[in-house]
Amino acid sequence: MSLATTESVAEIKARNKQLIDEVLKVYPEKTAKRRAKHLNVHEAGKSDCGVKSNLKSIPGVMTIRGCAYAGSKGVVWGPIKDMIHISHGPVGCGQYSWAARRNYYIGTTGIDTFVTMQFTSDFQEKDIVFGGDKKLAKIIDEIQELFPLNHGITIQSECPIGLIGDDIEAVSKVKSKEYDGKTIVPVRCEGFRGVSQSLGHHIANDAVRDWIFDKVNPEAKPAFEPTPYDVAIIGDYNIGGDAWSSRILLEEMGLRVIAQWSGDGSLAELEATPKAKLNVLHCYRSMNYISRHMEEKFGIPWCEYNFFGPSKIAESLRKIASFFDDKIKEGAERVIAKYQPLMDAVIAKYRPRLEGKTVMLFVGGLRPRHVIGAYEDLGMEVVGTGYEFGHNDDYQRTAQHYVKDGTLIYDDVTGYEFERFVEKIQPDLVGSGIKEKYVFQKMGVPFRQMHSWDYSGPYHGYDGFAIFARDMDMAINSPIWKKTKAPWKDAPRPSLMAAE
Amino acid sequence: MTQNAEHVLDHFELFRGPEYQQMLANKKTLFENPHDPAEVERIREWAKTPEYREKNFAREALTVNPAKACQPLGAVFVAVGFEGTLPFVHGSQGCVAYYRSHLSRHFKEPSSCVSSSMTEDAAVFGGLNNMIDGLANTYNMYQPKMIAVSTTCMAEVIGDDLNAFIKTAKEKGSVPAEYDVPFAHTPAFVGSHVTGYDNALKGILEHFWDGKAGTAPKLERKENGKINFIGGFDGYTVGNIREMKRIFELMGIEYTILADNSDVFDTPTDGEFRMYDGGTTLEDAANAIHAKATISMQQYCTEKTLPFVQGHGQEVAAFNHPVGVSATDDFLMTLSRITGKPIAKALEQERGRLVDAMADSSAHIHGKKFAIYGDPDLCYGLAAFLLELGAEPTHVLSTNGNKAWAEKMEGLFASSPFGKNCHAYPGKDLWHMRSLLFTEPVDFLIGNTYGKYLERDTGTPLIRIGFPVFDRHHHHRYPVWGYQGGMNVLVKILDKIFDEIDKNTNVPAKTDYSFDIIR
């Protein structure tokens with residue numbers, strides 16, 4: 001099935017270029033010109049993937065992207081568990097994103113923890129006409145009365161807020177004062193801002209800076225005694241428990257994790273982070289901003305890492321350890337050695353079933369590059385990848401450290417392009433989101449959701465890799481894919497046979 | 001180490017191991033600034049009290065865990081029910097990502113829809129250019145037979161005029177002048193997804209019947225004896241519409257299903273992705289004006305559509321998501337009266353089988369108390385069914401139900417001795433329901449997937465009926481309408497009742513004397 005294994009790199013490149021030309025033909029001229037800049041075939045040795053990114057999506061093409069609100073409430077703020085996040089505006093945004101991202105946490109929901117709840121101001125026409133500030137003030141009072149153990153409140157703006165000129169900052173300040181300096185964070189993440197989720201991440205990061213860091217009293221007594229080994233996990237949303245299967249490794253190597261951003265995170269952890277000796281950053285895209293800020297303001301270095309698959313995990317553990325003394329360096333080696341037998345067993349079991357299989361990805365954040373190593377650990381090959389809301393620095397990292405020569409690159413892919421690419425390339429697996437899942441499964445192509453781990457996970461860390469390998473095997477080698485054609489219609493597909 | 005290659009542990013087992021438990025406990029005590037566990041416990045208990053309920057019901061501004069979505073979701077749901085139609089939502093693009101995800105998570109199906117991707121510049125200058133480019137791209141790429149436009153709240157707040165925009169886009173050549181682009185304004189800050197359903201369906205009928213926004217002559221109605229059928233926003237649309245077709249065919253009724261999305265939300269896996277499948281043909285949508293009558297299964301999904309249809313001279317009839325014997329009787333008798341066709345013998349037999357099943361099982365349901373929440377019509381239909389089973393729909397809550405709905409519910413309660421202690425709660429949310437379940441407990445809860453949080457917190461067993469159902473698969477394929485649909489609902493309820501009885505009687509040597517093999 002895998003065409004890539006039987007073709008030379010030159011042939012693959014030619015085929016991919018031709019594919020790009022073909023899909024562009026469907027567009028009106030102006031659109032074709034714009035989309036052409038987002039599609040490319042990777043050339044080894046280039047410093048980036050040769051595509052434009054972080055530009056406006058084109059109307060009417062079926063982009064897969066979301067909005068700034070999704071980036072702030074859905075990604076960055078939503079998982080902070082002891083704060084209440086108000087979806088401020090009409091009911092829909094909060095409803096569709098309610099508990100949909102699987103940010104695992106420990107806590108008594110509705111009492112001291114609020115992640116899987118939907119707090120909304122449920123704007124009505126009169127709120128649009130007369131403004132929603134008074135309503136917001138009242139909402140904060142009602143939250144204080146009914147949810148007295150909340151540690152703070154954020155206001156996640158939906159589109160109308162910025163359009164009707166509400167002053168949520170003023171309301172936040174007044175209410176914060178009224179409730180003895182309570183943390184109340186207004187976030188200007190209206191969905192029309194920017195071109196995707198990405199600006200929402202940035203706005204959310206800035207809100208942490210302005211409304212949390214800048215309000216922490218530097219004279220206050222520390223909640224815990226600092227150690228030389230304190231680190232913070234930045235950019236892990238604990239989807240299916242990812243941050244937990246990562247944290248355990250850092251702790252086993254002798255580090256102390258003082259904060260998780262933001263999966264299973266708390267306000268106290270956000271506030272304590274400036275005390276870290278090192279910030280370790282998983283999702284660069286969504287949290288590089290605050291990492292850079294902490295570097296500039298507090299002198300905390302940060303280090304990107306990748307906890308998908310044993311090769312990248314070992315590389316990352318050593319990289320993180322390099323910031324510390326020999327005790328930690330030895331700790332990293334000890335952890336790598338400890339899990340080696342598990343990794344050997346996982347690979348021995350699954351690699352023979354997955355060797356040579358090809359994958360096409362289209363995801364957000366760090367995953368279009370970060371998971372490539374995990375597939376390679378299983379003998380699989382990623383033949384196409386792209387970012388939903390990446391920037392050029394993502395494509396640089398991808399080109400320099402991850403993708404192979406000839407890989408098809410598609411930025412902000414449209415539904416049409418993605419279907420055509422998959423149809424022609426016939427990968428053994430597609431990894432993308434819920435909106436794409438059933439499209440490809442109908443086509444008979446095995447699929448895994450690579451945002452939500454298809455309700456599985458964790459995929460991070462050594463423990464997560466076992467689950468990842470099992471899931472990929474389960475998807476690709478499910479007997480169901482042999483049954484998509486009725487036996488009385490089962491004729492070989494001549495074009496494919498010829499290609500092989 | 002807990003993980004194991006031979007028996008890979010999933011998240012629900014992995015983190016229960018001692019290493020992880022220790023790690024999480026340390027995280028909490030050292031870094032999370034947790035409240036004193038006794039204080040958490042105190043508040044947890046307080047939140048169960050009548051005092052808390054009173055404060056909770058005194059809320060005026062805050063909504064917590066509502067059971068409703070916004071208008072455009074309903075508009076998208078309608079649009080995909082027409083042949084070859086792509087929904088086009090004018091406004092911010094994130095909304096469309098949400099509708100598509102929401103529908104895909106419920107139906108486990110692709111959900112195709114495009115956005116005009118408006119951003120800051122459109123907020124300032126309006127979204128006309130987005131409409132012009134967007135329609136051209138959609139038309140060229142996906143070759144729909146029709147593009148049905150609705151709006152997000154962004155476009156509504158800045159006041160974009162769909163009629164004028166579409167006209168201009170046509171003049172600019174985005175789509176041919178005669179191409180069908182019906183539209184509906186669907187502001188998210190008015191009503192809910194059922195309102196959006198209503199507006200979008202009315203928009204499409206208006207387009208075809210009333211001269212395509214001034215570009216064609218209005219159709220002149222010539223009555224043809226057919227009936228139009230409208231399902232309303234319905235999580236069971238796949239099973240229900242097919243069941244309705246079967247019933248119409250059994251009775252020899254000529255019909256048009258309007259917004260028939262039963263196929264597009266149930267496409268086969270056979271190697272081909274169908275962006276469009278089935279649906280009401282555009283010809284049928286236009287010809288629906290000639291029908292004798294239009295029947296809506298959900299009054300609150302068609303509050304504007306039905307008067308519009310009536311205004312064109314048709315008889316209209318609205319039901320409230322009919323479930324069970326009497327509601328189905330009414331539906332069929334109305335159908336029979338309007339069409340002059342007798343109720344088919346086969347349906348009479350199905351009726352008898354449903355009554356038979358209810359008689360067989362009634363002892364297990366009779367006198368049981370239920371809480372129900374969901375869309376207004378669904379609530380009514382389920383409550384009526386419970387009443388005829390001798391059960392008590394004690395709390396019936398609809399976030400998108402209004403005062404008129406509540407009065408109608410109270411009327412239903414008054415009609416049955418089992419409705420004596422039952423109440424309707426319009427405009428309330430699931431946090432209100434939580435207080436109701438703590439202070440006036442019931443035996444079972446009926447609602448959508450989000451009810452599982454109520455089940456966890458209050459211990460009230462949840463029977464999943466409603467939209468969305470994300471965490472159980474394939475129930476949308478089975479009807480809940482017609483006598484056979486009633487049977488499905490009955491079995492769903494009974495299964496939960498029996499499971500609970502077994503769960504409550506399964507402790508060896510303590511309670512298992514009642515762990516009966518025959519029930």
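This is a predicted model: local features need pLDDT of at least 70, side-chain atom pairs count only at pLDDT 80 or more; totals for chains, interfaces and linings use all residues.
**Cavities between the domains of chain B**

Residues are numbered from 1 along each chain as its sequence is written.

**Exercise 1.** Describe the second largest cavity by volume and lining.

*Solution.* Step 1: a cavity is a set of points, on a 1 Å grid over the protein atoms alone, where a 1.4 Å probe fits but cannot get out; lining residues have an atom within 4 Å of a point. Step 2: the space in the second largest cavity is about 120 Å³, the volume being that filled by probe spheres set on the points. Step 3: 18 residues line it, and B:Val80, B:Pro110, B:Ser112, B:Val264 and B:Met275 lie nearest its centre. Step 4: by class, ten are nonpolar, five polar and three charged; Asp, Glu, Lys and Arg count as charged, Ala, Val, Leu, Ile, Met, Phe, Trp, Tyr, Cys and Pro as nonpolar, and the others, Gly among them, as polar.

**Exercise 2.** Determine between which domains the largest cavity lies.

*Solution.* Step 1: the largest cavity holds about 230 Å³ of space. Step 2: among its 21 lining residues, B:His193, B:Asp375, B:Gly466, B:Phe467 and B:Pro468 are the closest to its centre. Step 3: domain 2 (227-345) and domain 3 (361-505) of chain B both contribute to this lining, so the largest cavity lies between them.

Key: Chains are lettered from A and ligands numbered from 1 in the order in which they are written. Side-chain values use heavy atoms; hydrogens and water are left out. On a 1 Å grid over the protein atoms alone, a cavity is a set of points where a 1.4 Å probe fits but cannot get out, and a pocket is an open set with protein on both sides within 12 Å along at least five of seven lines; lining residues have an atom within 4 Å of a point. Domain bounds come from an automatic or database domain assignment.
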